[in-house]
Amino acid sequence: MAKVLVVDDEANIVLSLEFLMQQAGFEVVTAEDGETALARVAEGAPDLVLLDISLPGISGFDVLERLRADPAHARLPIIMLTAHGREVEREKGMALGADDYITKPFSTQALVDKVKTLLSEVS
């Protein structure tokens, strides 16, 4: 069973994403901020990360940069989540190495499809 790390500081979003990913057949680990996300990855690397950009402390962009700089996690699939549909944020996330990008609110089925597609590409 693939493990998905859900990183968001909004509890309702974490709960809905956790439920959605579990329903899709994934094991789910959660983190409410960037520091916790990096600790979760260090404890046991997930197969994919759903990473919010706007986090307390270090941002999702910072988490993405740190993971990409670590050879052990350089190819870890990461989908950025943001409430901002601004093109500049999407471009920054992709430039820093995000695999995909979803703007909140998002289609649950589209997100599940993206997760499954990315996981099939790396397995």
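Set aside neighbours within four places in sequence, and His73 is in contact with Val41, Ala45, Leu67 and Arg68; contact means heavy atoms within 4.5 Å. His73 sits in the loop between helix H3 (60–69) and strand S4 (78–82). Helices (H or I, at least four residues) and strands (E, at least two) are DSSP runs, numbered from the N terminus. His73 is buried, at a relative accessible area of 12%. Buried means under 20% relative accessible area, exposed over 50%, and partly exposed in between (1.4 Å probe, protein chains only).

This is a predicted model: local features need pLDDT of at least 70, side-chain atom pairs count only at pLDDT 80 or more, and totals for chains, interfaces and linings use all residues. Residues are numbered from 1 along each chain as its sequence is written, and side-chain values use heavy atoms, leaving out hydrogens and water.

Arg68 also forms a salt bridge with Asp99 (2.9 Å, N to O). The pair links distant parts of the chain, 31 residues apart: Arg68 is in helix H3, Asp99 in the loop between helix H4 (87–95) and S5. Arg68 counts as buried at 18% relative accessibility. Asp99, at 33%, counts as partly exposed. A salt bridge here is a side-chain nitrogen of Lys or Arg within 4 Å of a carboxyl oxygen of Asp or Glu.

The whole structure holds six salt bridges. Another one joins Lys104 and Asp52 (3.3 Å, N to O). Lys104 lies in the loop between strand S5 (100–103) and helix H5 (108–122), and Asp52 in strand S3 (residues 48–52), so the pair ties together parts 52 residues apart in sequence. Both Lys104 and Asp52 are buried.
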